[in-house]
Amino acid sequence: MYKMRYAAPRTLTEALRLLGEEREGVYVVAGSTNVLPDLRAKKIRPSLLLSIEKLGELKGIHADGDVVTVGALTTINELLASRDIELNAGILHQAAQRFADPLVRNRATIGGNLANASPAADSAVPLLALDAVLDICSARGEREVPLSSFFTGPGKTVLERDELIRAVRFPSDSENQKAFIKFGLREAMAISLVSVGVELRIQKDEVAYARVAFGAVAPTPMRGFRTEEFLVGKKLTAEVLDEARQVASREVRPISDVRATESYRRHISGVLLGRAIKMALGGGMS
Amino acid sequence: MNAQNQTNTRLLLPEFEYLRPETKAEALHFLDQHRDKNVHILAGGTDLIVKMKTGALSPRYLVNVKDIKELSGVRQINGALHIGAVTTLAALLRLPAIRSGYSALYEALRSMAAPAVRNMATVGGNLCNGSPAADTAPALMVLGTVCTLSSVAGERRLKLCDFFLGPGRTALLPGEMLTELLVDGVRPDSGSSFLKIGRVSADIAKVNIAVYLERDGDRVADCRVAVGSVAPTPLLLDSVVSFLKGSTMSRQVLSEAGRMVEDAIAPITDARSTAEYRKAISRILAEEAMQAAWVRSGGEVPR
Amino acid sequence: METRQFEVAGRRARRKDGIAKVTGREIYSSDVYLPGMMHAVVLRSPHPHAEIVDVDVSEAERMGAVCLTPFDVPDTVYNERTVSIPEKTYRDRTVLPKKVRHVGEAVLAVAHDTEELAMLALSKVKVQYKELPSALDVKDAMVEARGARLYDTVFLGGECIQVKNNIACERSIAVGDVEDGFRQADITVESEFEAQRMYHAQMETKAAVCAPEPDGGITVWTTTQTIHNVRQLLGQIFSLPLHKVNVKRIALGGAFGSSIQMNSITPICVGLALRAKRPVKLVTSREEDMYDHVKYPVRFWLKFGAKKDGRLVAAHMKALVDIGAHNIQAYPLLGCIAGWFASLYKFQNLLFEGRAVYTNKVPACAMQGYGNPQTNFAVESLMDMLAEELGIDPIQLRLMNYVGVGDEFWGQGPTVRSIIKSCGVEEMLSRGAAMIGWDRRVHPSQKSGDVVRGIGVARGFHTSGTGGPKPGEVIDYSSATIKVNEDGSVDLITPVMDQGGGTWEAAAKVVAEVLKVPLDMVGISPSDTRTTGYDVCTHATRGVYCGVGAVHHVAEQVRQKILEFAARILEQNPRDLSLARNEEIGQAVIYPTGLPDRYITLGEVAKTAQIKSWGTIAATDSYRQKNCPPCFVTHFVEVEVEKRTGRVRIVRAALLGDCGTPINPDMVKGQLIGGLCRGLAFALLEETAYDSNTGRLVCGGYLTDYKLPTACEMPAIDDIMVGFANTYEPSGPLGAKGIGEAALNSAASAIVNAIYNATGIRFKKLPVTPERVLEALREGVAR
Amino acid sequence: MTEGYAIELTVNGRQVSAEVRADETLLEFLRTQLRIIDAKSGCGKGDCGTCTVLLDGLPVKSCIVLAASADGKDVKTLSGMQNEPLVKALQESFVTHGAVQCGFCTPGMILTAASYLNEHKNPSRDDIRRALSGNLCRCTGYKKIVDATQAVARRNE
Amino acid sequence: MTETSITLTLNGKKKTLRVRPNELLLNVLRDRLFLTGAKYGCGIGECGACTVLIDGRPALACLTLAVAIDGKEVVTVEGLARGDELDPLQEAFLDHGAVQCGFCTPGMIMTARSLLDENPSPSEEEVREYIRGNICRCTGYTSIVSAILSCAQEKEGA
């Protein structure tokens, strides 16, 4: 008979120990907003639910100088409520506002959202745009992984079985101009059809720095490297924007599913990119 | 009935600690450990739990000995019965040896409560409860039962007739537990009998009486007579014994002995019966029990 | 036998609630569990008589308990039993009186998340009493000088009246001229008799669950014989409009009268729930229950005058009832005792003087018979004494004087009378005599040995309901709703409670009989006070005669509608249609009379009525019976007395019942045998004795020392013979009358008469315990 | 040996200790073990909000919260907040504004509204709509729910 | 008070519960598991309304500590019928009108069940003796005794 145990260690060391011991079938739970539906749908059949909720070490938001560190257990609503985030990672703040719904935001954690590796993960897109880095730990030690190389496929990441995300770090983006747009089927509780985040710095009318990220248009949330390349050094004229849209539409690798078709997603990706850039620049086009 | 002592037989209040020793030794250890702290042994619970519910007892520690294997069951060692103290009444009733050889005990057990209670209640519990009306008491007394009282200090043996000191009071010392009853083997030409009168079939005795007889031809070679519910403790009636011993059995002897039983006791009037009634029927029961025991010992029905 | 004309009534069938009951799935009030429910316990008085000076529940409240004290419940003065018209109803109590009048009277109540927490909180409550002189003996009570004064004033109807010498009420009723009657008598006999305080010991202790509703109303599940009277009392006490008080009809674990009034805990539970704004459950412990109610104990003085030939010419009865601390309808009780007395024999001239007196003991209330078994014990004992004086066979004397067909019968005191239309007295006396072997009966003087046997007879009766041609002082009517479903099955909705005797079965059978549907096509709907019309109470043996009478009345209306709808379909005149039961297809069928092949089923009629939008075939109505026919019983009992121990054993019994058509024969049988068992308890075993110093029950309220008969006290199966009189009550549903209370009424009397026949000793005080027998035998020997 | 996980928590103000399955949801625990039924089960995967309860004061969807993770926490359902003025006000306002139709979403809706109004003094209709966006209602079209909530918000100003 | 985890087999299913020492089996069955078949009648073992089978023999749930049934097998009236198929005794109680108010019925049936398990062909006397701890206030027992006897096997040679 299938049995499942539950453990809620109080220290990180204890959690990592359990994680290390339990080879097969251990499943890490934080806010459980994804775990329970998956359990019910029998998508997962863990032998141990390892709750990390009680690990104080994984909580809290620290902004020192130009680096912001967000504990993996930070809930989306905690992000929203954080002045530091609003000031230093506005794009993340914007994304958080569109994240699921107010109730889920009270439970869902940023670490969970990333580890779950949904192609549409709403927090991934802004964090990619923010060039975020993950602090990953295990009983064996610590390592850091750029978010851009964290995702390896739908629900897949570079996380080893015995590893936990401890925190997310990213440079403060206070002087960048940025925008996040989520395109879903409804205002709340929607899974994105496409989401786009951009971070730009304009110097002498030219794009000096560009970070572009897309959600729900590839097996993983993705950086729009080609689009970034295309943008850097350019003056953002209407023509350039038009072209940027096309670059983006070509760069994304969407599929057709219940929510939208591939071609529609490609098209929308371009459109959203344009809007995002305009939003970022506060419509101030030259 | 005031706020402090109002009872509620629907539940037990959380006023005690529960200890469940695995072995006799562990049980004795617990008893010793809490000897001064109002510790009580829980076996069948049919008396103890009732007393707790009705406010007659409020133990601080309950030591549940019901499941200790070494304390239950009956062994027959060269004729004699070694009865574990937590053997249930039902288990004893099912024992062919008791049915065939120890009529008094068998009849006492059968007269008690009802099957559900007999499945729970233990023989040791019935005795240690120290009720003057305990039905197994007179039966086991006339059968010459010796009890083993154990403590961490060791064991001691005591005649059952010396075990009862008063209502709810026994010879058990703090830290002691009744662990075994030893009943002699059945002698040839012997017989025993138990009789009881209650208000209804399943009831506490108004009077109960047990008789054991050894017959030598038409003479009573030896005998014992015990009565319950007529004094602070179950009584062995030596006066009657000395009269019966050696006498040739007859109707007159029976009725004389019956009269002596009636004279020997000074019962009280309570919720269950009156002193007068108890005296009157103790005589009747005595006669009938003596006759039954006599006949079982192989004697003729006296005329 | 008339019952043969029926296809369902009079035949054995499994009771509809049977499966639930044998599988443990029947839900009684004590089995109701609601989400977020609190559990309550009641603090009860340790004193027989005391004022409550002050209560301190602060500590209990600190523990999170919700408390209800005499100082925060409505002080509406009410009588917990509704039976008489208001102007004849005495009222002396409130939900939580500020003065306790018997040990065990509720002082205050405490609710918490669990019963255990409630108990712990209760132990922290402090109450300050001012003890008052108490009266435990009824004779003392009547001498106010001795200091006990339970009430200064009580209410009678609207007016406030003085209480003197603790006398709750008195009634004097005369027929003809008793003095003159005794002057005509050739012979008189007289004696005193005493019937004890006996505890109902219904298996389910009192229970109540109250859920406060979001609209400010309440839903109540409680042990009761009358959901509507409970509803009205609760509405009155808590000033709630009745539509916001819903009392659910729910299975009852026995009552025997103990739930004929609203249980004392019911309003306490409601008060707590309204305070806590959470559902509250309150179930009494057995010891509390034994301190809550008891059978009316009565002391009689009775005198008969008769002619040499045995014809009665005068009778005079004085009855003194020790009602305990509250007057739970003692006034109608006195009237009923008069009626039970007046309606047993044709005394020509009679005088009844009854008095009910308060004492500081558990309040007395109805217990199966409402004074009838007590009265019957006195009358039937004195009839045997008279028979002996006259040298007439007891059966002959009874046949000579009994009240029968054409005579006037008092169904519930002097104001509820009707003419008897069915009577099986003669049949039962003769058949019973044969069954028991009356001819073997010899005079006690001819018996010897340590074990003697004796045969006794007693006849009794009870009313079937309290209907009558005139309204009288007693309320009685019932209601019912019957609807035919679209498949031809039938829903029956009745407010009548069933204590287990089978009233609901009878109702279902009557519907099946009248509408010709198979019994298993009749469903007894759950019901409550919101969905039903009024029914006074399942008391006075009225369940079948009155309650099912109303069902029968409504069923006839539904029958008419069925025929009218069928007529439209068959294009016939309703009068030309026949309604019949067709077991093969399991339906009632309707066809043009004489053309059974052209039938349509009731299901088809109902379905067509739906499709064509004619409406549902249904009817709702109320109905009052115009009579109160007596259901007669006769008990023949053979006892064995062990002279050396005084023990009495019933060895054989012949139980005869005249309930008109026995709609549920095996249940009528069950009632008669159950009656014998409780009669045995009443005659030989049970009494709630009090400690004269403390006013507490000697048994402490525990069944350890209040012994109930077990299976071993009853005679063997083959030694209990049951017979039904072959009668038909024209005014009853399918010719039925009641049986319930009658089943007990003459049982004890027969046992006591049998003991006399065995020993030659006449016992006039119940119970006849071995102690009393032995004592009497010894005195007898001594004298 | 038990597979159950022992938890102790406060539910509607009362201490509860119980054993739960590892995969038992808080909703399941409340409804089946404690028989608290004002939290409803609408979708079982966090999509509808009828199961809303307050966990340490925050509204959450109890169908996607593990019962085990409520260990040591404080859980409140609507029935446990009957005496809170704001909740009372919302309940009355919902009734007077006809914001209740089938009523199945109402407990969750009121809980969410209450916890939001506790934090935000004078929200706009949009704020309220966003605050309630995790609670679905199929009957009312939300307008009257927002009206009812806003009416209370105004009173609280 | 400390809670203990106990495991019992209840009506054929393994069940693990945390109980406190003062909790009575009857209250655990009724208040916590909502098995309300066993009734409270007197609380002190005088009426038998709470009779259940513990390890196959009748016992009184009102006098049994829940902690003390760790590892034991408990059968309540709810566990008697096999699915929709009633126990022969349940059928017999229905057919013999042995049920009136029904409050004693569950305990009565459990006691009768164990009687027939111990002694498949009891005499009427044996039946009465065996059920003497189960009080019924309605029926006068006759119908109950008949119902039980109707389930008894013919004695060999009888």
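How much area do chain E and chain D bury between them, and what share of it is on carbon and sulfur atoms? They bury about 450 Å², 49% of it on carbon and sulfur atoms; buried area is the accessible area (1.4 Å probe) that two parts lose on being put together, summed over both. This is a predicted model, in which local features need pLDDT of at least 70, side-chain atom pairs count only at pLDDT 80 or more, and totals for chains, interfaces and linings use all residues. Residues are numbered from 1 along each chain as its sequence is written, chains are lettered from A and ligands numbered from 1 in the order in which they are written, and side-chain values use heavy atoms, with hydrogens and water left out.

**View 1. Chain E against chain D.** Here 5 residues of chain E are in contact with 5 residues of chain D (contact: heavy atoms within 4.5 Å). Thr16(E), Arg18(E) and Phe34(E) supply 73% of the area that chain E buries against chain D.

**View 2. The salt bridge of Arg18(E).** Arg18(E) pairs with Glu19(D), the closest N and O atoms being 3.8 Å apart. A salt bridge is a side-chain nitrogen of Lys or Arg within 4 Å of a carboxyl oxygen of Asp or Glu. The rule finds 1 salt bridge across this interface of chain E and chain D.

**View 3. Chain E against chain C.** Chain E and chain C bury about 4200 Å² between them, 57% of it on carbon and sulfur atoms. Leu94(E), Phe103(E) and Arg137(E) supply 20% of the area that chain E buries here against chain C, more than any other three residues.

**View 4. The salt bridge of Arg30(E).** The side chains of Arg30(E) and Asp31(C) meet at 2.7 Å, N to O. Across the interface of chain E and chain C there are 7 salt bridges by the rule.
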